[in-house]
Amino acid sequence: MQKVKKILCIQPFDKAVVATVTVPGDKSITHRAFLMGAMACGGSGVTRVHTPLLSGDTMSTIVALQQLGVQIKEQSGVWEVWGHLGLIGKSGLHPKEMTLNANNSGTTTRLLLGVLAGAGMKGRVTILGDASLCKRPMARIVEPLKIMGAEIVYCKQEGVLPLCIRGATLQGIRYQLPQASAQVKSGLLLAGLNAMGSTVLGGEITSRNHTEILMRQMGADIAVSEEQIVLRPSVLCGTSVQVVGDVSSAAFWMVLAALCPHSKIKLPGICCNPTRTGILSIFDRCGVQYGVKNLCTDAETVGDIEVEYVQDLKPFCISEQDVPSLIDELPILCVLACFCKDTSCIGGIKELLYKESNRITNIVNNLKQMGANIVAQEEQIVVVGDGVLQGGASLDCLGDHRIVMALAIAALASKQGAVFEKEHDIQSVAISYPNFFAEIENLRKTK
Ligand code: S3P
């Protein structure tokens with residue numbers, strides 16, 4: 001039988017979108033809730049995770065933990081995690097020889113390495129990933145973990161997956177982070193929980209701080225200042241985590257509302273942790289109309305975000321200091337720039353080279369196909385917008401979920417829409433937002 005090629009045509013919206021969209025739970029917080037819940041043998045030893053994100057990436061973390069023997073069960077919508085990994089060394093529970101597949105998830109890989117490095121297991125764990133993850137740099141986490149005493153070897157090629165890790169006795173580290181990577185920072189902090197002596201991190205520490213917040217909530221001895229993070233070895237206690245809505249998923253609807261005439265989209269219960277909401281300061285620069293209501297802080301800060309259409313958006317610049325708080329929103333901000341009148345400069349974006357794809361060339365090539373005047377110049381993207389985007393293109397996003405979703409929004413706001421021709425692009429949204437295309441269809445039906 002002939003295989004029917006699946007393609008997805010996104011037609012532009014021909015009417016205003018006035019709606020409330022409930023976005024799924026935050027991906028970063030979900031990973032951390034399960035990983036740290038798995039380490040928490042203090043207190044009741046049980047962590048209850050409410051409204052987690054269940055997606056490709058977070059399932060990679062959950063399945064890996066289950067393979068390591070961690071009990072994770074869902075009961076009436078609440079996910080219970082029995083702390084177990086914190087006990088491995090002491091109780092003699094340990095895998096002998098095991099392979100874990102992190103699939104597409106950099107967060108699973110880098111944080112799990114931190115968890116396993118100091119877990120005192122006797123066996124050896126191999127970590128694999130898909131083709132995209134196997135190209136991403138691992139030395140940034142492996143090298144400092146090795147300085148702490150971790151036993152890690154690359155299986156095939158220096159600096160990338162697959163790699164093997166054994167349990168070891170770790171020493172705390174004094175380390176200056178060379179890039180603002182929350183994954184590296186978190187991996188080192190998770191290792192530091194089980195190390196001897198303090199772990200002191202300086203340098204580029206102003207990335208998302210969900211690990212620091214949850215560690216404090218779970219009773220760790222951690223002190224954070226502008227210059228450094230000091231963590232003393234600690235036993236985590238079981239806790240209850242309410243996973244708030246993911247601002248990186250909300251960002252797609254925020255930009256859609258800003259671009260579609262007479263639209264207004266409300267997004268309740270979104271993570272408004274300031275280490276994540278850099279997109280709002282870009283909205284201030286280009287004149288997007290938005291409001292944040294009902295802000296409330298209980299461990300994480302949550303609020304309701306509302307964005308509405310405005311005519312004549314101003315061009316904007318993004319510089320290196322802006323990047324950590326909007327790193328995952330850069331593709332959708334490139335889309336926004338296409339609709340601003342005049343020249344926007346998106347700089348300080350070297351880290352985009354190391355994401356699920358080379359996001360600089362990926363977003364630039366596809367937006368060019370859609371008629372944008374956009375170029376990549378070394379580590380910046382320059383967009384000369386003229387208030388509209390032609391569309392009418394066939395796209396290839398190399399299976400990168402955030403590029404696919406950003407371009408789907410571009411298609412909805414364009415004159416002629418766009419076509420996703422690659423099945424792995426269409427399926428990639430399940431990495432972080434399984435319901436994304438269904439939500440577009442819901443919005444099409446709203447009056
Ligand atoms: C994440 C950190 C960021 C981000 C990723 C999630 C995390 O990566 O891009 O989507 O949960 O810690 P880097 O640490 O590589 O910047």
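Biologist: Hi! Where does the ligand sit in this one?

Modeller: In this predicted model, the ligand sits in the largest pocket.

Biologist: Nice. Which residues come nearest to the ligand?

Modeller: There are 13 residues around the ligand, and Ser28, Arg32, Ser181, Asp328 and Lys355 come nearest.

Biologist: What about Ser28, how far is its side chain from a ligand oxygen?

Modeller: An N or O atom in the Ser28 side chain is 2.7 Å from an oxygen atom of the ligand. For Asp328, an N or O atom of the side chain is also 2.7 Å from a ligand oxygen.

Biologist: How much of the ligand does the protein cover?

Modeller: On its own the ligand has 390 Å² of accessible area, and the protein covers 96% of that.

Biologist: Switching topic: how many residues are in the largest nonpolar core?

Modeller: That core has 83 residues, and Trp253, Phe316 and Met370 are among those with the most contacts inside it.

Biologist: What does Phe316 touch?

Modeller: Leaving out residues up to four places away in sequence, Phe316 touches several residues, including Ile282, Arg285, Leu336 and Cys340.

Biologist: And how big is the second core?

Modeller: The second, separate core has 69 residues, including Ala40, Ala64, Ala168 and Ala220.

Terms used:
Residues numbered from 1 in each chain as written. Predicted model: local features only at pLDDT ≥ 70, side-chain atom pairs only at ≥ 80, totals over all residues. Heavy atoms only, no water. Core = buried A, V, L, I, M, F, W, Y, C linked by side-chain atoms within 4.5 Å. Buried < 20%, exposed > 50% of the residue type's maximum accessible area, 1.4 Å probe, protein only. Contact = heavy atoms within 4.5 Å. Near = heavy atom within 4 Å. Polar contact = N/O pair within 3.5 Å; in protein donor to acceptor, adjacent residues only side chain to side chain. Areas by Shrake-Rupley, 256 points an atom, 1.4 Å probe, with all protein chains shown as cover. 1 Å grid on protein atoms, 1.4 Å probe; cavity = no way out; pocket = protein on both sides within 12 Å on 5 of 7 lines; lining within 4 Å. Sits in = over half its atoms within 2 Å of the grid points.
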